[in-house]
Amino acid sequence: MPVHYVAMTEEIPAGQSRIVTVEGRSIGVYNVDGAYYALHNRCPHEGAPLCKGPVCGTTLPSNVYEYEFGRRGELVRCPWHGWEFEIKSGKSVFDEKVRTRSYKVQVDDGRIGIVW
Ligand code: FES
């Protein structure tokens with residue numbers, strides 16, 4: 001499978017991301033705790049540029065009137081209506097059947113590549 005190199009590892013430090021274009025497709029590349037992930041930059045809800053949304057966490061399941069925040073830095077929140085997606089998988093938080101495409105990423109000699 002072809003690999004498209006899109007950045008050097010030092011260009012995307014932990015907690016950061018970058019939007020790149022590969023074969024005409026907009027893709028967000030993320031560094032989550034030193035591991036790299038790539039998501040299609042399109043929200044499955046109404047087509048927003050998902051990867052322009054903030055990296056965030058979310059409220060965790062909890063008892064009534066208890067609000068527990070977690071998963072900080074593991075999610076991206078759509079800038080249009082706030083749906084949240086796992087950066088590692090592209091799955092939405094509320095229903096894993098709702099997802100944006102994720103791409104395999106490989107790092108070779110400090111170069112971040114998207115496997116096509
Ligand atoms: S377009 Fe992303 S939540 Fe609506």
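Here is a walk through the fold, from the whole chain down to a few single residues.

The model is a predicted one, in which local features need pLDDT of at least 70, side-chain atom pairs count only at pLDDT 80 or more, and totals for chains, interfaces and linings use all residues. Residue numbers start from 1 along each chain as its sequence is written.

Let's begin with the overall picture. The chain has 10 strands and zero helices, where strands (E, at least two residues) and helices (H or I, at least four) are DSSP runs numbered from the N terminus. Its radius of gyration is 15 Å, close to the 13 Å that the globule rule gives for 116 residues, so the chain is as compact as a globular protein of that length. That radius is taken over C-alpha atoms, and the globule rule is 2.2 Å times the number of residues to the power 0.38. Along the principal axes, the C-alpha atoms fill a box of roughly 50 × 30 × 20 Å.

Four strands make an open sheet in the order 2-3-4-8, with antiparallel pairing; two strands count as paired if DSSP finds at least two bridges between them. At the edges are strand 2 (17–22) and strand 8 (102–103), each of which pairs on one side only. Strand 2 is joined to strand 3 by six bridges, and the two run antiparallel. They form a hairpin with two residues between them, and E23 in the turn has a positive phi of about 50°. In this pair, T21 stands opposite S26 of strand 3.

On to the neighbouring pair: strand 3 (residues 25–32) and strand 4 (residues 35–40) are antiparallel and joined by six bridges. Here N31 stands opposite Y36 of strand 4. The loop between strand 3 and strand 4 holds D33, which has a positive phi of about 55° although it is not a glycine. Most residues other than glycine have a negative phi. Is D33 buried or exposed? D33 counts as exposed because it has 8 C-beta neighbours inside 10 Å; the cut-off for exposed is 12 or fewer, for buried 20 or more, and partly exposed lies in between, with C-beta atoms placed from the backbone.

Y65 also has a positive phi, near 70°. Y65 sits in the loop between strand 5 (55–60) and strand 6 (68–77), and its 5 C-beta neighbours inside 10 Å are why Y65 counts as exposed. A further loop residue is G47, between strand 4 and strand 5. With 9 C-beta neighbours inside 10 Å, G47 counts as exposed. The C-alpha atoms of G47 and S26 are separated by 12 Å, and these residues are 21 apart along the chain.

Now for the interior. Buried residues make up 27% of the 116 residues.

Among contacts between residues at least 6 apart in sequence, 44% join residues at least 24 apart.

Technical notes
Contact = placed C-beta atoms within 7 Å.
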